[in-house]
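Thank you all for coming.

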Amino acid sequence: MTQYRHIMRPAGLAALCVASLVFNVAQADSPRPEAARIAAAMEMTPGEQNPYEGNPGGKATLRGGFAPERAFAMPLPGLDDARAMDFVLGEAMFQKFWVQSPSSTRASDGLGPLYNARSCAMCHPGNGRGAAPQGDGPLPVSLLIRLSVPGGDSHGIKDYLATLPDPEFGGQVQTDAITGASPEGQPSVRYQEQIVDGVALRRPDYDPGMALSDATMLSPRLAPALLGMGLIDAIRPEDILALADPDDADGDGISGRANIVPSRDTGQPTLGRYGWKAGNATLRDQVADAFAHDIGISSPLFPEPWGDCTAAQDACHTAPHGDRDAREFELDATGLDLTTAYVAGLAVPQRRAPQAVIEGRDLFMDLGCAACHQPAFVTERRADDPLRSFQMIWPYSDFLLHDMGPDLADHRPEHRATGREWRTPPLWGMGRTKQVSGTEYFLHDGRARSIREAIWWHGGEALPARNRFRQLDATDRDALIAFLESL
């Protein structure tokens, strides 16, 4: 098969990672024999398909009966009537276009005053990834620029890299505004193309489109795909933390650090799971954050009706807002919970022909990719949520922070994440990106136009695995890519 097969034990890297993980899951919930049973069920033997890996969402996997472009927009199969109704109502909140205040449509007013998008769906077409520019030019709505400056409160979190929003412009560049207000800037990008081992890579250079202080740090962020978000929420924090090795105690060159963040939802420091640097702890945090910063909509977690505007932006503070009615906030607790329920209820589609890509899967393991892209987890037991309770899921992520090297560094800390660290993104659904979104852009800023380009950009802790991939012959490279496209 490949000259690198010998670098892993015969059972394969995934079996080693999963066996350790599952013991932690089952030990707390059931007798030791169950831990062994689950570990055996999750094992991946070279050359053989695991009988469960074709259903990445467990029993809640979406199995056909949908249009290709709707692959990320379908509910978990088997939702009860109450949850199905919440899903439909939440989808309406997700799709809704907000308008500026005052308006006769009082349930939908409160937009901005400064904002990036008028709805959640504008940044997540088909609930898939956003788009990056095809060439030099302005950034599309689904690729925004985050801002921050050093300083702030550590919130009592060890190793917290305290930052604050930019004192003049806030936490991100707002590219649109209500009538009578002006956008902060119109960011753009220029690409410098280079050929590396026959692969064309484009290195971006961003212009925020506004005058910023020398202390301001910026980071481009592409809107991610939303499938399986509720299943990620159901992973026990102990099982993510069990994979962390911040001091590389095992000497494999992979550290993996947890981002511990202040959560507005829990009211305490909590394991980060969501966002490119795991900057949000819960799905409710993530949804409320997007409403506040992307659309300028207040909620119980972000009560400020002026969104991301700073104290220096007087006109933004004094503009009409939509929070002075029966809702109390522009998005009340019911609306926030329904939108969160919708995102939590999005299913993961069944994999396509996993047996046909076994060779590529084995290469993925042997090259060391699974050291960060942990294949599988078992979700926690939830008596009130049977679809997500004690399910074997296959996100291919450890949800930890890893140093990805200087080429991908944004040099902007976020909570405990350094300027070179990124959360391992889940890989499920990546092969359906084009059919859902109409385009294919990967990595945190969409610079990669294909899976192959994304691999070429890996550095830091991922550098050895990337170099092994480079040394494969064309047939083996194609086999590994085919496996990733099957996810």
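How many bridges join strand β6 to β7? Keeping in mind that this is a predicted model, we find that 9 bridges join β6, which covers residues 188–196, to β7, and that the two strands run antiparallel. Within this pairing, Val189 stands opposite Tyr206, which belongs to β7. The pair is part of an open sheet of 3 strands, arranged in the order β2-β6-β7 with antiparallel pairing. Because β2 (137–138) and β7 (199–207) each have a single partner strand, they stand at the edges, and one side of each is left without a neighbour in the sheet.

Let me turn now to a pair of helices. Helix α3, residues 81–95, and helix α9, residues 333–344, have axes that come within 7 Å and cross at roughly 105°, which means that α3 is roughly perpendicular to α9. Among the residues that meet here are Phe87, Leu89 and Met93 in α3, and Leu338, Ala341 and Tyr342 in α9. Sorted by class, this contact has 8 nonpolar, 3 polar and 2 charged residues.

Is Ser486 buried or exposed? Its relative accessibility is 5%, and because buried means under 20%, Ser486 counts as buried. Leaving aside residues up to four places away in sequence, Ser486 touches Arg351, Arg352 and Val357. With Arg351, the side chain of Ser486 also makes a polar contact, side chain to side chain, at 2.7 Å.

Conventions
Residues numbered from 1 in each chain as written. Predicted model: local features only at pLDDT ≥ 70, side-chain atom pairs only at ≥ 80, totals over all residues. Heavy atoms only, no water. Pairing = 2+ DSSP bridges. Helix = DSSP H or I, 4+ residues; strand = E, 2+ residues; numbered from the N terminus. Axes fitted to C-alpha atoms, helices over the stretch in contact; angles between N-to-C directions. Parallel < 35°, antiparallel > 145°, perpendicular 65-115°, else oblique. Contact = heavy atoms within 4.5 Å. Nonpolar A, V, L, I, M, F, W, Y, C, P; charged D, E, K, R; others polar. Buried < 20%, exposed > 50% of the residue type's maximum accessible area, 1.4 Å probe, protein only. Polar contact = N/O pair within 3.5 Å; in protein donor to acceptor, adjacent residues only side chain to side chain.
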